[in-house]
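Please open the model in a viewer and follow the selections below in order.

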Amino acid sequence: MAIFKFKKKEEAASLEKIPKHIGIVMDGNGRWAKKRLQPRVMGHKAGMDALQKVTVKASDLGVKVLTVYAFSTENWSRPDDEVNFIMNLPVEFFDTYVPELHANNVRIQVIGDTSKLPVATFDAMQRAVEKTQHNSGLILNFALNYGGRADIAGAVKAISQKVSENKLTLDDINEDLISRHLMTNSLPFLYRDPDLIIRTSGELRLSNFLIWQAAYSEFYFPSVLWPDFDEEQLVLAIAEFNRRKRRFGGL
């Protein structure tokens, strides 16, 4: 993929339509570290630095929600030392970057099964959420111990429970009802489904990320590894989004 810099006029033209909700699968941390003869965990640390830069740029551009795939339900199968390091990263990220994000009016939210997180990770997450809960700018939405299939299964269970309690009938079940029982229901109504999903490192799959919500998302798969994904790369992604024609099944 060609890498180039936008001049101000060119950048403004290419960013005419800003996606309201961007989802990012932050892939390639381990390969980034391996290329530098470093332990895989150093790639994850560099990835947190990249996230801070991209979040601030997305906020400046007018993005409303940035959902980042921080840890999937399948990631527990990785080696213990790597999992432990990754679980400590939110603590470091929230403690180090939340003051700046807070100053930029960013609000932190989290989706996923947080009950299985280590205590220190959960506590740091709670502090970040509480500190920024009254901010009105971009929502930085962490998908932490999140899986798209588990999200849908949870919605099905919740709806089934309401049917069994005669609070809902089978005729009440439709796409809107299911959407309202997914974890993204905590997001503003107009921004629950991502307009654009970015997966770095050149991999071409969703890996169980927002699989219901991504039904009509535009996909962008740059070859750049996540720690090297910066403000300019975000502009390139949104410029590509502007070249797409979204028909939502129509003409």
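Helices (H or I, at least four residues) and strands (E, at least two) are DSSP runs, numbered from the N terminus; the expected span of a helix is 1.5 Å times one less than its number of residues. This is a predicted model, in which local features need pLDDT of at least 70 and side-chain atom pairs count only at pLDDT 80 or more, while totals for chains, interfaces and linings use all residues. Residues are numbered from 1 along each chain as its sequence is written, and side-chain values use heavy atoms, with hydrogens and water left out.

Select residues 148–164, which form helix 6. Its 17 residues reach 24 Å from first C-alpha to last, close to the expected 24 Å. Within helix 6, colour Gly148, Asp151, Ala155 and Ile159, which are buried (under 20% relative accessible area; exposed is over 50%, partly exposed in between, with a 1.4 Å probe and protein chains only). Viewed down the axis, the buried residues of helix 6 fall within an arc of 65° (taken from the directions from the helix axis to the C-beta atoms), so they line one face of the helix. On the other side of helix 6, Arg149, Lys157 and Ser164 are exposed.

Next, show strand 4 (139–146) and helix 7 (175–180), which are among the elements covering the buried residues of helix 6. Just after helix 6, Asn166 takes a positive phi of about 60°.

Now move to helix 3 (residues 40–61) and select Thr55. Thr55 has 0% relative accessibility and therefore counts as buried. Leaving aside neighbours within four places in sequence, Thr55 is in contact (heavy atoms within 4.5 Å) with Leu66, Leu101, Val106, Leu138 and Leu140.
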